[in-house]
Amino acid sequence: MENNFYQNIQKLGTLTSLYVDNQQTLFAKEDLKAFLISEKASETSSYYTLLGEAGAGKTMFVKQFCKANSRINSLYVKLPSACTRKAVAQSILFELEDPNYLRTGATSHNMMARTKHWLQKKNIGLIFLDEAQQLIESKNEKVIYDTSEWLKDAVSDWGIPVVFVGLPKFIDVITSNDQFSRRRWGHTEFPEAIWENMTDRKEWCSFLHEVEGGLPFPTESNLSSPAIAHAILQATGGMRGIAIQLIIRAAKFSLSDGEFSLSVRKFSRAYQDLSLGVQNPFSGLREKAVA
């Protein structure tokens, strides 16, 4: 019985890598491919932006894109918090397996030169810089402008298509510098799902139906039913990543209590446990809305 419990917990863990396309991800896939084709024929280097709030599914999309397009030989780099120019180079060099990526005493200029060397050595065809907003934690306009100048030079120097992935506030870097702004080839925004938008509603319910298939319960939880799907959207702001966290937390509670499906009570408890907000959208639901 105990082994079965842990097997079910393990199955829940696979939900964190669940990927389901929607209209925005389909557009982004095609637009990124067009971006790469354009860059091959261009004499100047450009960049692309994928922006959206936390939990919108940006990182999952990028990893899926890299996996599905392995021939491009993409490099995925997650930037650290309070990221400096030198830290960008170190993060890239680490992913490129440079044994001396933490070498002390190296100047920012030298590290950028080494970065270019390793990018060429590894034959990288596309760079994804995730958590790009870490580059502009400062609200100082001069710092933001200097950062945009440095990024413009880096994109030009590397000669490799770059995709900046992050929160919407990264747009401040772009708007602060006309020259850097003109280098942007394209952009995709990953917005939250809106229940009143029928396309969003249909895609949200389809997403929850796929999640349902990954749950370790013998009885259906009917996550895509209108009542529970709407409540999950309200609880998570329409963010798929947060929805996955909520469902996993609720499922853990249900498994611990030996239940055969997800219950409204467990959703309500998970909502409070994750501190998602003050007004609990599950408090007014009846169990029949789920079961």
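## Surface and overall build

Accessible areas here come from the Shrake-Rupley method with a 1.4 Å probe. On that basis the chain exposes about 15,000 Å², and carbon and sulfur atoms supply 49% of that area. Keep in mind that this is a predicted model.

The chain has 291 residues, and 46% of them count as buried. Its C-alpha atoms fill a box of roughly 60 × 40 × 35 Å along the principal axes. As for secondary structure, you get 12 helices and five strands. Look at the contacts with a separation of 6 or more, and 70% of them come from residues 24 or more positions apart.

## Charges

On the charge side, the chain carries 33 positive and 32 negative side chains. The centres of these two sets lie 3 Å apart.

The five strands make up an open sheet with parallel pairing, in the order 2-3-4-1-5. Its edges are strand 2 (74–78) and strand 5 (184–190), each of which pairs on one side only. Ignoring direction, neighbouring strands in this sheet are turned by 15° against each other on average.

Zoom in on strand 1 (residues 47–52): this strand pairs with strand 5 in the parallel sense, over six bridges. Leu51 is a handy place to look, as it stands opposite Glu189 in strand 5.

Then there's helix 2 (residues 23–41), which packs on the sheet. Helix 2 touches strand 1, strand 3 (126–130), strand 4 (162–166) and strand 5. The direction of helix 2 makes about 170° with that of strand 5.

You'll find Asn222 in the loop between helix 9 (198–212) and helix 10 (226–236). The relative accessibility of Asn222 is 29%, so this residue also counts as partly exposed.

Notes:
Residues are numbered from 1 along each chain as its sequence is written. This is a predicted model: local features need pLDDT of at least 70, side-chain atom pairs count only at pLDDT 80 or more; totals for chains, interfaces and linings use all residues. Side-chain values use heavy atoms; hydrogens and water are left out. Helices (H or I, at least four residues) and strands (E, at least two) are DSSP runs, numbered from the N terminus. Buried means under 20% relative accessible area, exposed over 50%, partly exposed in between (1.4 Å probe, protein chains only). Contact means heavy atoms within 4.5 Å. Lys and Arg count as positive and Asp and Glu as negative; His and the chain ends are not counted. The place of a charge is taken as NZ of Lys, CZ of Arg, CG of Asp or CD of Glu. Two strands pair if DSSP finds at least two bridges between them. Axes are lines fitted to C-alpha atoms, for helices over the stretch in contact, and angles run from 0 to 180 degrees between N-to-C directions.
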